[in-house]
Amino acid sequence: MTDFQIVLLPGDGIGPEVASAAQGVLEQVGRHFAHRFHFTSKLIGGAALDARGEPLPGDTLEACRSCDAILFGAVGGPKWDGDAKTPVDGLLALRKALGLFANLRPVAVSEATLARSPLRAEIVRNVDLLIVRELTGGAYFGEKKRNATVASDLCIYMVAEIERVARVAFDAAKKRRGHVTSVDKANVMETSRLWRETVDRVHQAEFRDVELAHMLVDTAAMRLIQTPRSFDVILTENMFGDILSDEASMLPGSIGLLGSASLGAERPGLYEPIHGSAPDIAGRDLANPAGTISSASMLLRYSLGLSAEADAVDAALATTLVRGRATADLGGTDTCSAFARAVADNIGV
């Protein structure tokens, strides 16, 4: 029996509900495959601001640095809007402190979710793409200035930051269909011109066996709706990746379906659904936990090296959806906890 230390960061809004749901699925995996997952819950975001006055308390960061993997819920809400310190500051600081520079966001449309998509079936059937988003650079981390009449956010990228995330995307493509689309705004932005030049150089030096195409972000946004099957791996910078992945989440029908992995050069990785805290439904057991369960599958695969266990979670989630179980965002009647129990019951079935 193998022991693993997992830090839970439930956060705010629906975060505690979806984190608890995914924890239950992992506990079932542990029972089925004879692993012991030890969970430690820590404060982050608005909950941490209320309790400690900081969005990322020191003990939370220390626990994250010493664990095997981190499962994250969500942060934010109108309660903290306009405050000098915000809930999302905690998440950004955690990614930076742990060196989590690559965010992997897979998007797949299965037969189980085909009817849930707002797009026609012939457009989204068999969509299977991966968005690789750079996490530690760009406008989110650049110097910010504001006065009564003007504001600015400095967008900065260093060559080394682009090189390392490009390698992640090219490596992923080699295990998939061998194609990377690098998305930028090189017709306008100097950082995008550096991005394109650097990606080209990494490609030519190290990954000539992978096909590379460049695409402007506005064109990519259009083609994600028009011809989503044309994409394999999308590589892009921080803000573009944030926006495009939310757009892509509608292909299978709900942002609640998609998980993500934030990875660095070493463990631990951080795993989270791509949705927000949804304070309007918080505490009502209405959230869709599928994205967090998918994130738990990625946690098993990337941080713990448990591929068979990850496959079992993916299969259980697919089986649950195929059998017509769904939360309200997908037109179903399941509560968050009931849907998660159904997934857990399908582990190993």
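**Figure 1. Helix α10 on the sheet of a predicted model.** Helix α10 (residues 290–303) lies across β1, β2, β3 (69–74), β4 (102–108), β11 (259–263) and β12 (269–273). Its direction runs at about 160° to that of β12; axes are lines fitted to C-alpha atoms, for helices over the stretch in contact, and angles run from 0 to 180 degrees between N-to-C directions. Helices (H or I, at least four residues) and strands (E, at least two) are DSSP runs, numbered from the N terminus. The model is predicted, so please keep in mind that local features need pLDDT of at least 70 and side-chain atom pairs count only at pLDDT 80 or more, while totals for chains, interfaces and linings use all residues. Residues are numbered from 1 along each chain as its sequence is written, and side-chain values use heavy atoms, with hydrogens and water left out.

Figure 2. Follow the ten strands in the order β2-β1-β3-β12-β11-β4-β5-β10-β8-β9, and you have walked across an open sheet with mixed pairing. Two strands pair if DSSP finds at least two bridges between them. The edge strands, β2 (35–41) and β9 (211–216), each pair on one side only. From one strand to the next, the twist averages 25°. Helix α8 (residues 217–226) packs on this sheet, where it touches β5 (128–134), β8 (179–184), β9 and β10 (233–236); contact here means heavy atoms within 4.5 Å. The direction of α8 makes about 105° with that of β9.

**Figure 3. From β1 over α1 to β2.** Strand β1 (residues 2–11), helix α1 (residues 15–33) and β2 make a right-handed β-α-β unit. Right-handed means that, with the strands pointing away from the viewer, the path from the first strand over the helix to the second runs clockwise. The two strands, β1 and β2, pair in the parallel sense over seven bridges. Asp 3 has Arg 36 of β2 as its bridge partner, and Val 7 has Thr 40 of β2. In the loop between α1 and β2 sits Ala 34, which has a positive phi of about 60° although it is not a glycine. Most residues other than glycine have a negative phi. With a relative accessible area of 38%, Ala 34 is partly exposed; buried means under 20% relative accessible area, exposed over 50%, and partly exposed in between (1.4 Å probe, protein chains only).

**Figure 4. Another positive phi, at Asp 285.** This view turns to the loop between β12 and α10, where Asp 285 lies. The phi of Asp 285 is near 60°, a positive value in a residue other than glycine. Asp 285 counts as partly exposed, at 24% relative accessibility.

**Figure 5. The buried side of α2.** Gly 45, Gly 46, Ala 48 and Leu 49 are buried in helix α2 (residues 45–52). These residues lie on the same side of α2 because they cover an arc of only 160° around the axis, taken from the directions from the helix axis to the C-beta atoms. What covers them includes α4 (87–98). Just after α2, Gly 53 takes a positive phi of about 80°.

Figure 6. Helix α6 (residues 159–174) holds Glu 163, and helix α7 (residues 190–206) holds Thr 198. Thr 198 counts as buried at 2% relative accessibility, and Glu 163 is buried too, with a relative accessible area of 17%. Leaving aside neighbours within four places in sequence, Thr 198 is in contact with Val 159, Ile 162 and Glu 163. With residues up to four places away in sequence not counted, Glu 163 touches Thr 198, Arg 201 and Val 202.

**Figure 7. Two nonpolar cores.** A nonpolar core is a set of buried Ala, Val, Leu, Ile, Met, Phe, Trp, Tyr and Cys residues joined through side-chain atoms within 4.5 Å. The largest has 83 residues, and those with the most contacts inside it are Phe 37, Leu 129, Phe 170, Leu 235 and Leu 300. Its largest share, seven residues, comes from helix α6. Not counting residues up to four places away in sequence, Leu 235 touches residues including Val 132, Val 165, Trp 195 and Val 199. Apart from this core lies another, of 16 residues, among them Ile 44, Ala 63, Ile 70 and Leu 94.
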